[in-house]
Amino acid sequence: MASKKPTVLLNHYLKQLRLPTILREYQTTAQTCAKENHDHVTYLLQLVERETFEREQRAAERRIRSAKFPVLKTLDTFDFTAQPGINKTLVRDLMRGDYLEQHENILLLGNPGTGKTHIAKALGHAACAQGKRVQFMTVTGLVTQLLEAREDRKLDKLLARLGKLHLLILDEFGYVPFSKAGAELLFEVVSRAYERQSIILTTNLPFEQWTEVLVNERLTGALLDRITHRVNILEATGQSYRLQDAKKRSRRTKN
Ligand code: ADP
Ligand code: MG
């Protein structure tokens, strides 16, 4: 019994210190290290490295869950040849995340089905893996939340929560026009983010038509000014991927 005591205590402390990987691995790693004649420092290093690695992985998974991507997309499944207008070098560059350090924005422009949301999700996923706090939402979803929060006198709380993000992904700007209050609240989020956070915005609406959605011309100018001050623009000029895909399939069935 006496010989068991150190492991019992060790297990207890490892649990208390929240080191689940070391707890799981320390005995098998001890055996392999003994076999391979590694010293104690190497043994300890191996365990600590594994704990750190798994902790980072768990944190990234948590961030991905809290970003609330409806469906996860990565760049592996993006076919750049189907969308030659999209600057592949710029996308790859942005995936590294330097724009987040500079608090730059990204605008994804193009017709429906051209992969804007796909790329936005892939960039968001990469940011999560790089330790950033990310939230994905549709612009309409955000404005609805803002209006509801204001109604419930919880607007400050919501704005504070949004303010903690490194990256806010706003999908589908331009599908639904906003009320005056909605447009003003959206502007509030964008102006608070200015030079402090990054925003990725996807839209099928050319700049000239933004007033139609935001109603007020001055507000549109001010919002555009903030979003485009430090911006990376990706513009899909090609056809809808769904359409290309459907055409390919119908050609196949005809042949
Ligand atoms: P958008 O946001 O521009 O309307 P999406 O990103 O929603 O378009 O794309 C529509 C569908 O087509 C999605 O399932 C997306 O994954 C897929 N898709 C779009 N473009 C590509 C592409 N170049 N390669 C692979 N899949 C694509
Ligand atoms: Mg989309």
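Analyst: What follows is a set of labels, each set against its rule.

Analyst: This is a predicted model, where local features need pLDDT of at least 70, side-chain atom pairs count only at pLDDT 80 or more, and totals for chains, interfaces and linings use all residues. Residues are numbered from 1 along each chain as its sequence is written, chains are lettered from A and ligands numbered from 1 in the order in which they are written, and side-chain values use heavy atoms, with hydrogens and water left out.

User: Why is E51 called buried?

Analyst: Buried means under 20% relative accessible area, exposed means over 50%, and partly exposed lies in between (1.4 Å probe, protein chains only). E51 has 3%, so E51 is buried.

User: What makes E51 and R58 a salt bridge?

Analyst: The rule asks for a side-chain nitrogen of Lys or Arg within 4 Å of a carboxyl oxygen of Asp or Glu. The closest N and O atoms of E51 and R58 are 3.6 Å apart, so the pair meets the rule. R58 itself has 32% relative accessibility and therefore counts as partly exposed.

User: How many salt bridges does this rule give?

Analyst: The count comes to eight. One of them joins E25 to R24, with the closest N and O atoms 3.1 Å apart. E25 has 17% relative accessibility, so E25 counts as buried. R24 and E25 are also linked with R50 and E54 in a network of salt bridges.

User: What makes strand β2 mostly covered?

Analyst: Four of the five residues in β2 (residues 134-138) are buried.

User: How do you know that β2 and β3 pair?

Analyst: Two strands pair if DSSP finds at least two bridges between them. β2 and β3 (residues 167-173) have five bridges, in the parallel sense, so they pair. T138 stands opposite D171 in β3.

User: Why is L9 called partly exposed, and where is L9?

Analyst: L9 has 37% relative accessibility, so L9 counts as partly exposed. L9 is in helix α1 (residues 5-16).

How values were computed. Helix = DSSP H or I, 4+ residues; strand = E, 2+ residues; numbered from the N terminus.
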